[in-house]
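These are my notebook entries on a single protein chain, kept in the order in which I looked things up.

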Amino acid sequence: MEVFISQLLNLQEKLFRSALFMTQDKTKAKDLLQETFLRILENKDKFRQNNNLSGWANKIMSNIFISDYRKFLIQKRYSDLIITDNDIAYLSEQDFMIRHSISDLMNAIEKLEDKRQTILKLFLAGLKYEEIAQEKNLPIGTVKSQIHQAKEELRKLLK
């Protein structure tokens with residue numbers, strides 16, 4: 001175990017440079033490095049002794065960075081969806097189209113079950129079924145079903 005920690009600490013400077021390259025910010029790079037070390041230590045039992053620790057650590061860091069960046073993009077999409085009550089929203093997929101003021105639509109969405117509401121918001125933010133399934137750790141069929149059921153509930157609520 002001490003050998004593993006020693007090897008990991010020897011990679012600290014190299015990993016920090018990688019983190020700095022990804023984030024372009026020293027504070028964010030330190031946070032990313034800290035999160036990477038935490039994730040490595042939580043999963044040290046999954047590391048095979050003869051594997052490349054540096055490559056494994058870089059892969060973990062890249063995955064954390066990508067995951068955090070996706071979350072940032074999702075939040076940004078929601079903040080960009082601020083529209084006045086006079087604007088009209090369109091939810092389209094195949095034949096499905098609902099046309100209502102944003103306030104009516106948002107009020108209806110808020111009445112949905114939490115799980116369904118979250119999945120629908122991700123869908124409306126532009127994520128694909130596969131991305132939602134991965135983000136929420138759900139089977140793709142469940143995601144499709146939840147979105148379909150949410151649309152049906154919205155139809156009823158908006159009549």
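Entry on the helix pair. I looked up the handedness of the crossing of H6 and H7 and found it to be right-handed, bearing in mind that this is a predicted model. The two helices pack at an angle of about 135°, and their axes lie 10 Å apart. Since oblique covers what is left once angles over 145 degrees are set aside as roughly antiparallel and 65 to 115 as roughly perpendicular, I therefore noted H6 as oblique to H7.

Which residues of H6 and H7 meet? On the H6 side I listed Thr118, Ile119, Leu122 and Phe123, and on the H7 side Tyr129, Ile132 and Lys136.

Entry on the cores. I then turned to the largest nonpolar core, which has 17 residues, and noted that those with the most contacts inside it are Leu120, Phe123, Ile132, Val143, Ile147 and Leu154. The elements that give two or more residues to this core are H5 (102-110), H6 (114-124), H7 (129-136) and H8 (140-157). Apart from this core I found another, of 16 residues, which includes Leu8, Leu15, Leu53 and Ile64. For the general background I wrote down that in soluble globular proteins nonpolar side chains tend to be buried together.

What does Leu120 touch, once its neighbours within four places in sequence are left aside? I found Leu120 in contact with Ile109, Leu112, Ala150 and Leu154.

Entry on Lys144. I located Lys144 in helix H8 and asked whether this residue is buried, exposed or in between. Its relative accessible area is 41%; because buried means under 20% and exposed means over 50%, I recorded Lys144 as partly exposed. I also looked up the separation of Lys144 from Phe123, and their C-alpha atoms are 9.9 Å apart, although the two residues stand 21 residues apart along the chain.

Entry on the whole chain. I counted eight helices and two strands in the protein chain, and reading along the sequence I wrote their order as α-α-α-α-β-β-α-α-α-α. Of the 159 residues of the chain, 32% count as buried. Finally, I took the contacts with a separation of 6 or more and asked how much of them comes from residues 24 or more positions apart; the share I noted was 56%.

Terms used
Residues are numbered from 1 along each chain as its sequence is written. This is a predicted model: local features need pLDDT of at least 70, side-chain atom pairs count only at pLDDT 80 or more; totals for chains, interfaces and linings use all residues. Side-chain values use heavy atoms; hydrogens and water are left out. A nonpolar core is a set of buried Ala, Val, Leu, Ile, Met, Phe, Trp, Tyr and Cys residues joined through side-chain atoms within 4.5 Å. Buried means under 20% relative accessible area, exposed over 50%, partly exposed in between (1.4 Å probe, protein chains only). Helices (H or I, at least four residues) and strands (E, at least two) are DSSP runs, numbered from the N terminus. Contact means heavy atoms within 4.5 Å. Axes are lines fitted to C-alpha atoms, for helices over the stretch in contact, and angles run from 0 to 180 degrees between N-to-C directions. Angles under 35 degrees count as roughly parallel, over 145 as roughly antiparallel, 65 to 115 as roughly perpendicular and the rest as oblique. A crossing is left-handed if the near helix is turned anticlockwise from the far one by less than a right angle, and right-handed if clockwise.
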